[in-house]
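Hi everyone, thanks for coming.

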Amino acid sequence: MRFLVSLLFLIPAGAWAAALPYFSVLSDDAGGWPRIFSAVGFQPQAAGKARIFVLRPGALGSPDWTARVENGAVVILEGESPAAELFGFRREKENARVGSLEDVHRPGLAIIWEKALELPRYSVPKQARVFAWDKWSKVPVMAGYRLGSGAVLWVIASPGERGYERFPYLLHALGDLGVEPPFRSDRLWAFFDHSYRLRVDLDYFAARWRRAGITALHVAAWHFYDRDRERDQYLERLIAACHRQGVLVYAWLELPHVSEKFWNDHPEWREKTGVLQDAHLDWRKLMNLTNRDCFRAAAAGIQDLMRRFDWDGANVAELYFESLEGLANPARFTPMNDDVRAQFRRSNGFDPIEIFQKHDEARQRQFLEFRAGLAREMQREWLGVLEDVRHERRWLDLVLTHVDDRLDTGMRDAIGADSEGALKVLGPSRGTFLVEDPATVWNQGPERYTELARRYRERGATGNDGLAIDINIVERYQDVYPTKQQTGTELFQLVHFAAKAFPRVALYAEHSLLAPDVDLLSSAAAGVRRVERMGPKLVIDSEHGVGVPWSGDAMVDGKLWPVVDGRTAWLPSGAHTVEAATSVSAERPRALRFTGDLQTAEYLNNSTIEIAYSSKGRAAVVLSGRPLKFEVDGAPGSAVEAGEASFLLPRGQHIVTFQFQ
Amino acid sequence: MKRKPVRVILLLASCCVALAQAVDPAYEPLTKAYEALRAKRYDEAVGAFRRAIELDPNRVAARKDLAYTYLKIGETESARDEFGEAMRLDPADNHLAMEYAFLCYETKEQAQARRIFDRVRKTGDPVAQQAFENIDRPLREGIERWKKAIELGSDTFSAHYELATLAEQRDELNLAAEHFLRAWRLIPDRRSVLVDLGRVSQRLKRDEEAVTALLAASRGGEPRAADAARKLLPARYPYVYEFRRALELDPANTELRRELAYLLLRMDRSAEAEREFQIVCEKAPDDLLSAAQLGFLYLARGDKERAIPLLDRVMKGPDEDLANRVRAVLRLPQKLKPRSDNAAPVSVDAKLMAERSFKAGYIRDALKYLQIAHEADPIDFSVMLKMGWAYNLLHDDAHAVPWFDLARRSPDPQISGEALRAYRNLRSATQRFQTTIWVFPTYSSRWRDLFAYGQIKTEWKPKFPLRPYVSIRLIGDSRRELGQAQGVQAPPQYLSESAVIFGVGLRTPTWKGLMGWAEAGSAAGYLTHHVLPDYRGGISFARGWGRLLGAEDSGWFFETNDDGVFISRFDKDFLVYSQNRGGYTAVIGGLRFQLYWNANVTFDQKRQAWANYTESGPGSRFRWSWLPESMSFTVNYLRGSYSVPQDGSRPSTYTDFRSGVWYAFSR
């Protein structure tokens, strides 16, 4: 019986090794295809080594293709070609205007091409599944079918130079045809607002977040600022469910918004706009934190919030002023409360409200500089408030979320954001500096992350691993195509580029992620520098560690590897070899999930696992069963039980051992 | 005995369950759905609930439970829609309405949420009252705040747009319409705001205003706005007055104006179209399409002075295809696009493009691509064959024949066969001298005789439109006696002149089946040995429609052969023959078989007794594919009737069975 189990484990492992994640575009002009595949970890290679082939228009229809597909190749056909005809995709006489799609992966989502095209209609073979069609003409635009152990996917036209202009769910269609991405990551952060998830099954969602590669949830904490039994219970259940699945939970603060009740209870402390109205802008109700009474009240409330729940960290986000329109829109411009005006008047000799009454660039500049300094001071002050809490709760991680003002230099004047000052406030080892993409560049391509990371690394204020990037997945206000919100290939490219450039990627928000994207996110976030085969071994080199789809036990660097979850083997950073384990046991204990930075892991004996790790905050571990005992750095007790087989380990660099029966 | 009632109850219960299963089609999927729900297998539960609802769409409870399952997995919009449908089925259930309203609020459908809460609160529900207030108060305050901000001088797009958005959510539709319009006027390129305006106008039942705004947004706006506008517009094509109203609202919308101009053109309102094109060209000098169209309009009415600068602009512009279309109209040589040196698979791409052009009917484009393909691969016989067909379709057989000649040397029998057939068919048409031979031996039951008709004709095809020829005709019969019946003069009604006729003549080229000819010569009677001068000439028309004998598939057909002939030997008479047949062509394997009805009329100028009659009756014609291409067999059974008195010389009616073989070829 044990042999049979072993055999079952070995077969899929061998199958992975047989199909290296290589693709080849058989054309001098590869177009946007490499960007599509690279977004989820496939790597370009010569046709002789590839498994996925792209045949562009006019490709010849060699009968050999059928046999290759039957033996496992995946052929992607673009437009009209003898090859497309060979697989049954035939051009008809009539043309149709194509520009507005419907896709089975997200019916109802408007997929609009920036430029509609006049294209021939095609007949598709009977066995093909139509994945997408033009909404108005009903012309099929993406269809495919499985053939033998391979698959054929046809698209009516080029996917575009960026790879996502026309068929956002092309990778999903490939997934439906059996093409799985080659790597996974579990390093994502995601923002969470409970008002979108009031009635969900939290255990179901915690498992889903774990599957999506989310390692920490940043929970909108202002909803829990005021004590409320029902809401508090919800948050406790959320944190417990997350910890059981090895997902960490941070308190996400959006000061100067404190809470709805705080706004209602203290109209005297409300922030004012340039037209001296209360600053209720979008959803935020901004408070005047310059006012000392207001600050003290809010700080006490925040410290209470931090102590009431088992948070793993705190994220001070977007602590500056409004709005992106800057001085151009006084009705959205803050701060103009009495305290700020008085403070400015004392140091500069005039009331800043005058800058809206009479255009004077020098005076405007004076106030904008004062305002940026004020924002910096607020950040320093509030990080101090949280540091006070950290003295008692030493495991707490700190994050400062700050909009970028390096690519969009207008941010400093628009909202008072000064990242250089903020980096100094945070310091090199105090926490993570989470760079937020300003809304003004959400329409730009994913390459911007590489440049952004370079500019921040040059400053080096937080050390190499103290940087993170926040990707806003929202309906963009710009006129963007093909989807208003990033989804499919566009989202995966954003995540992939961001994960290559930054050690950590945060997604705003967990609720705005469209359902079809969840399962591929983890692959998009995975970064591998090199993958190749050496005999029976795979050599995989990654910067931040990576998960390799793997069923059963694996040997890493020649040793039996304990960090496997039945579908993935999780490797540390650097170059490592992976191969199928020679002795396999279904009963051997395993670490199914580990959120810290793995350094080494091994079986000390058949029932003891040892893991060396480092982590800026707590590290969560989920085991395959309950251990008899566990030790951190040789001493019992410093790990916190978070469930039957889940533990929260201390931040820093440690060695942990779990001994099972 | 005590157990009996229990058994009865169990039996009854089983029967009930069985009955429920039999009667309730949704029973089984619902059972599975609830089992899956209990086990927290939500995806499975959703699938089973959906199946149950498909089987019983009016089942409110199933919809509710499906909605709650959706909520468990965070599919809030789907949950909202299910509650919405359940509310429609059971409008009296306020609990459903409240669930629906809360989910509308969560999914950014505040206006709908507010309306439902408003309805329910009027029944005295305090929760609905509070929920209504929670939505309405911020909307109310926001509206006041933005009104105030605008009063204070914040005349910005965002101020008007936010005010309009809040007003629409609060169903203050007039206020919303006003500020959507004011916002749009500040940034007229943002036509998505016109979609908002159109939507609000529709809700205000101002249909004309709605169409005006939506039409402006649907043309020339951002593609996303255009798509949204299209969803809201009526399915019909807009009227001219609607275009005009939309242009009054959005006069800078050149795409809208251009479309109106084309619409006017199609309606033959050229003058109005011209005015619109003029405005487009003024407002958008880069709009080369409109410049070209306006240039053509000027050209069409002879205004070259205004046309040429516009057309020049197009020809110098970056749109090569458009420029070539202009060159074609101006009869200027076309410019081929420069080819890139590094494009490796030129022949493949060019062949593909040629194929596409062929299929789309752009033969000149196809020819252009074939030339490129031929240069890239000079021994590709399939390209040569296609070149032949392209020239043939362009009525340039002189260029087509050499390509077919090259292609018939292909080692591929399919290509060489097709090329050879085309070459043979066309070669004769392009030769300077062409000899045609035809024979038509026919048996007639009326005359109990076999007649022989034939001609050998050699034609010279000079470049001018008349073609001289020399000809030898044979018109005779096998019994060699009919020609002498009742007199010396061979009467033509006996179908035999018993003569060989030598002649020289001229004919016109055939145009749509019509041809004129004239011939002078001598008829040598082979029985009488007399030689008589023979002058004849006239016009001939032959045309067929539908599936003729050479057709590839079955179908109906009609053919007519009409001749008006002057013949000097027949008392300088002018005769008209009209032979018509209509019927069905059947293609059965290699056999082509026609079954038809004949309707023939013959009359003459001099009303001679033998020359005026009608004939009709069934007939058939057939051939096999293995026969020479122009060989066929005919069988006709005709009933004839003379239309002038015969003075007892012959019966006024007759029947005739005729059977013949037709064969012709050219060299």
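**A buried asparagine and other stops**

Let's start with Asn329(A), which counts as buried because its relative accessible area is 0%, and the cut-off for buried is under 20%. Keep in mind as we go that this is a predicted model.

So where does Asn329(A) sit in chain A? You'll find Asn329(A) in the loop between strand E15 (313-317) and helix H10 (338-348). Its side chain makes a polar contact with the side chain of Glu325(A), at 3.2 Å. Leaving out residues up to four places away in sequence, Asn329(A) touches Ser154(B), Thr156(B) and Ser158(B).

Okay, over to chain B. Helix H5 covers residues 76-89, so that's 14 residues. From first C-alpha to last, H5 reaches 20 Å, close to the 20 Å expected at 1.5 Å a residue. Its buried residues include Ala79(B), Phe83(B) and Met87(B). And what do the buried residues of H5(B) pack against? They pack against helices H3 (42-55), H4 (60-72), H6 (94-106) and H7 (110-121) of chain B.

Next stop, Gly521(B), which is in strand E6 (residues 514-525). Among the residues Gly521(B) touches, again skipping those up to four places away in sequence, are Phe502(B) and Leu532(B). Gly521(B) and Ser192(B), on the other hand, are 84 Å apart, C-alpha to C-alpha, and 329 residues apart in sequence.

Last, a word on cysteines. Cys294(A) is buried at 0% relative accessible area, and Cys281(B) counts as buried at 10%. How many disulfides turn up in a search of the whole structure? Zero, over all chains.

Key:
Residues are numbered from 1 along each chain as its sequence is written. Chains are lettered from A and ligands numbered from 1 in the order in which they are written. This is a predicted model: local features need pLDDT of at least 70, side-chain atom pairs count only at pLDDT 80 or more; totals for chains, interfaces and linings use all residues. Side-chain values use heavy atoms; hydrogens and water are left out. Helices (H or I, at least four residues) and strands (E, at least two) are DSSP runs, numbered from the N terminus. The expected span of a helix is 1.5 Å times one less than its number of residues. Buried means under 20% relative accessible area, exposed over 50%, partly exposed in between (1.4 Å probe, protein chains only). Contact means heavy atoms within 4.5 Å. A disulfide is a pair of cysteine sulfur atoms within 2.5 Å. A polar contact is a pair of N or O atoms within 3.5 Å; within protein, one must be able to donate a hydrogen and the other to accept it, and residues adjacent in sequence count only if both atoms are side-chain atoms.
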